[in-house]
Amino acid sequence: MTQRMQMNKVVPKGYTAMLNMENYVQTSGIDKTTLELIKIRASQMNGCAFCIDMHTKDARAYGESERRIYALNAWRETPFFTDKERAALALTEAITLIADNHVPDAVYEEAARHYDQEEIGNLIMATVTINSWNRIAISTGMMPE
């Protein structure tokens with residue numbers, strides 16, 4: 001597949017708006033490792049090779065282990081993730097697949113056991129943002145280098 005267009009050049013104002021969302025998420029206070037897990041998991045679900053490549057590199061740079069990265073798509077079946085991380089991952093999956101079951105009350109309530117409302121809001125913004133980036137990268141044919 002070849003890249004179809006460069007969004008930053010074709011629609012610079014829209015791309016800048018996405019960068020502003022990303023900058024907000026980066027400074028929202030979400031633990032950097034958790035943030036990268038969210039980005040990787042949503043990208044796996046969406047099949048975004050570009051974002052999987054980018055965020056696994058970023059996760060490693062923040063000290064994430066290869067073992068946890070490799071097991072992320074099976075996080076429910078491993079002992080490698082904390083309850084707090086599991087709550088964030090479950091919320092990420094529910095938001096990413098929102099058309100299937102919306103965000104079930106049980107998923108939200110589990111997140112609320114580990115995060116306050118502002119933190120949940122930031123987790124939602126992080127998930128919305130990576131899902132948007134996935135859609136941009138897939139639609140425009142972005143590939144890892």
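Predicted model: local features only at pLDDT ≥ 70, side-chain atom pairs only at ≥ 80, totals over all residues.

Trainee: How many helices and strands does the protein have?
Mentor: The protein has nine helices and zero strands; helices (H or I, at least four residues) and strands (E, at least two) are DSSP runs, numbered from the N terminus.

Trainee: What makes the radius of gyration agree with that of a compact globule?
Mentor: The rule is 2.2 Å times the number of residues to the power 0.38, and the radius is taken over C-alpha atoms. For 145 residues this gives a value near 15 Å, and the protein has 15 Å, so the two agree.

Trainee: Why is a set of residues called a nonpolar core?
Mentor: Its members are buried Ala, Val, Leu, Ile, Met, Phe, Trp, Tyr and Cys residues joined through side-chain atoms within 4.5 Å, where buried means under 20% relative accessible area with a 1.4 Å probe, protein chains only. The largest such core has 24 residues, and Leu72, Trp75 and Phe81 are among those with the most contacts inside it. Helix 6 supplies its largest share, seven residues. A second, separate core of nine residues includes Ala42 and Cys48.

Trainee: Which residues does Leu72 contact, beyond its neighbours within four places in sequence?
Mentor: With contact meaning heavy atoms within 4.5 Å, Leu72 touches Leu37, Ile40, Arg41, Gln44, Phe81 and Leu89.

Technical notes. Residues numbered from 1 in each chain as written. Heavy atoms only, no water. Buried < 20%, exposed > 50% of the residue type's maximum accessible area, 1.4 Å probe, protein only.
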